[in-house]
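Please look at the sequence and the model below before reading on.

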Amino acid sequence: AYAAQIAGARSVGAVGRNSQRAVYSGTGAHLEIVAPGGNPPDGDPDGFVWQTAPFFPDFDPEVIRPRFDRYTEIGSAGTSMAAPHVAGVAALLYTQGIDRPAAIEAAITRFATDLGGEGRDNDFGFGLVNARDSLRGLGVTR
């Protein structure tokens, strides 16, 4: 709830594959941006964000030296899936020389894909984070 008041911090909500607000996603005046986070009611596999992760049995708490040479596909949903999308866009902007948190925040806001009511709203904030438009809108072509 405080991110909107802190320069360089974002309050992130989540949407499913169909760009509809995820059932678990927070809403309100503090919400600034949404990103893909999955939406379990959309069903398996469509309701999840899929990622490659270490093979779960290799992370037994009693294993002293876990293996990192076996991987599996894991479907998850949550704002914990959505927030890294926004952080990734911020990192891409930073690598292109946009190094002020306020400038990164402004770019993500300005080039978000508007969802819901026109402009900022309590369900989607300023809209869906859009990496391509954020980079290209600032003149980055590659």
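A crossing of two helices is called left-handed if the near helix is turned anticlockwise from the far one by less than a right angle, and right-handed if it is turned clockwise; helices (H or I, at least four residues) and strands (E, at least two) are DSSP runs, numbered from the N terminus. The crossing of helix 1 and helix 2 is right-handed. The contact (heavy atoms within 4.5 Å) is made by Val86, Val89, Ala90, Leu93 and Tyr94 of helix 1 together with Ile104, Ala107 and Ile108 of helix 2.

This is a predicted model, in which local features need pLDDT of at least 70 and side-chain atom pairs count only at pLDDT 80 or more, while totals for chains, interfaces and linings use all residues. Residues are numbered from 1 along each chain as its sequence is written, and side-chain values use heavy atoms, with hydrogens and water left out.

In helix 2 (residues 101-110), Ala103, Ile104, Glu105, Ala107 and Ile108 are buried, where buried means under 20% relative accessible area, exposed over 50%, and partly exposed in between (1.4 Å probe, protein chains only). The cover over these buried residues includes strand 2 (33-36), helix 1 (79-95) and helix 3 (131-137).

Rings of Phe, Tyr and Trp (its six-membered ring) pair if their centres lie within 6.5 Å, and planes under 30 degrees apart count as stacked, over 60 as edge-to-face and the rest as tilted. By this rule there is 1 aromatic pair: Phe48 and Trp50 are edge-to-face, 6.3 Å centre to centre and with 80° between the planes.

| Residue | Relative accessible area | Class |
|---|---|---|
| Phe48 | 26% | partly exposed |
| Trp50 | 41% | partly exposed |
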